[in-house]
Amino acid sequence: MRITVFGATGAVGSRVVQEALSRHHDVTAVGRNLDRLTTLAQRLGEVGGLRVLRGDASDAGDVARLGWGREVVISATRPVPGREDELAIAAKGLVSGLAGSGVRLLVVGGAASLTLPGDPGTTVVDGPGFPVELRPIALACNEQLEVIRASTDLEWTYLSPPALLEPGVRTGTYRLGRDELLTSADGTSSISMEDFAIALLDEAEQPRHPRARFTVGY
Ligand SMILES: NC(=O)c1ccc[n+]([C@@H]2O[C@H](COP(=O)([O-])OP(=O)(O)OC[C@H]3O[C@@H](n4cnc5c(N)ncnc54)[C@H](OP(=O)(O)O)[C@@H]3O)[C@@H](O)[C@H]2O)c1
């Protein structure tokens with residue numbers, strides 16, 4: 001498949017690129033910073049099937065230029081702290097740029113809009129003990145999801161991580177859920193970025209959640 005990844009130089013995005021390349025997809029890796037793109041190309045370039053290009057997910061023209069003609073566009077952008085409003089702006093750019101294209105959009109989102117296990121009336125961000133310092137990015141992710149859900153003429157899927165999404169080990173195992181936070185038997189809610197990338201590429205290759213949000217975890 002031909003896949004474009006926005007946010008490709010990030011922690012999640014770079015692992016998504018790596019997973020896609022390992023499956024022999026044709027990957028266009030997009031970011032705004034040329035130095036970071038060059039570093040990514042040097043690290044992964046020898047695998048083949050990769051090209052890196054500058055582009056901004058919030059620019060509908062960039063999204064159309066880099067997304068049309070692909071089977072799938074994946075977005076894993078994240079704003080720097082203090083500029084959380086950029087997340088919804090990027091979502092609007094992706095929606096506008098891909099409307100009518102027939103290209104599927106897979107968005108890496110946040111966990112905060114999931115509901116607490118066994119409590120469908122309470123979202124993670126409104127649950128007890130949610131860290132106050134994470135509230136701005138959590139609310140930004142919620143707005144991002146609203147923008148994606150409101151889109152028309154676009155085949156989208158939104159993947160919410162569990163509470164913890166960190167660099168780790170590629171185990172190849174994961175569980176799927178819909179709108180409720182997934183937790184393990186020990187009460188933790190987590191997945192490695194490597195396994196998260198597997199779940200995302202599995203969805204890219206075999207769509208199981210058209211125009212829907214789903215979640216993943218151990
Ligand atoms: N538990 C959770 O809910 C959880 C935990 C971790 C991550 N996440 C989500 O996972 C996603 C990725 O996070 P991450 O940790 O990989 O972030 P990261 O390491 O900070 O990477 C984000 C990337 O996005 C790029 N970017 C930002 N704005 C962009 C734009 N408008 N156009 C193109 N590229 C853009 C940045 O590169 P440039 O600045 O060079 O363009 C950067 O490479 C985010 O949506 C985050 O909310 C969720």
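**Figure 1. His 24, an exposed residue in a predicted model.** His 24 has a relative accessibility of 73% and so counts as exposed, in a model that is predicted. The residue lies in the loop that joins helix H1 (11–22) to strand S2 (26–31). His 24 is not a glycine, yet its phi is positive, near 65 degrees. Most residues other than glycine have a negative phi.

**Figure 2. Asp 153, in the loop between helix H5 and strand S8.** Helix H5 spans residues 135–149 and strand S8 spans 155–160. Phi of Asp 153 is positive, near 55 degrees, and the residue is not a glycine. Asp 153 counts as exposed because its relative accessible area is 58%, and the cut-off for exposed is over 50%.

**Figure 3. Thr 115, a buried residue in strand S6.** Strand S6 covers residues 115–116. Thr 115 has 15% relative accessibility and therefore counts as buried, the cut-off being under 20%. Apart from neighbours within four places in sequence, Thr 115 contacts Pro 120, Thr 122 and Thr 123, and also Asp 179, Glu 180 and Leu 181.

**Figure 4. The ligand in the largest pocket.** The ligand is surrounded by 25 residues, the closest being Thr 9, Val 12, Arg 32, Asp 56 and Ala 57.

Figure 5. On its own the ligand has 910 Å² of accessible area, of which the protein covers 85%.

Definitions and conventions. Residues numbered from 1 in each chain as written. Predicted model: local features only at pLDDT ≥ 70, side-chain atom pairs only at ≥ 80, totals over all residues. Heavy atoms only, no water. Helix = DSSP H or I, 4+ residues; strand = E, 2+ residues; numbered from the N terminus. Buried < 20%, exposed > 50% of the residue type's maximum accessible area, 1.4 Å probe, protein only. Contact = heavy atoms within 4.5 Å. Near = heavy atom within 4 Å. Areas by Shrake-Rupley, 256 points an atom, 1.4 Å probe, with all protein chains shown as cover. 1 Å grid on protein atoms, 1.4 Å probe; cavity = no way out; pocket = protein on both sides within 12 Å on 5 of 7 lines; lining within 4 Å. Sits in = over half its atoms within 2 Å of the grid points.
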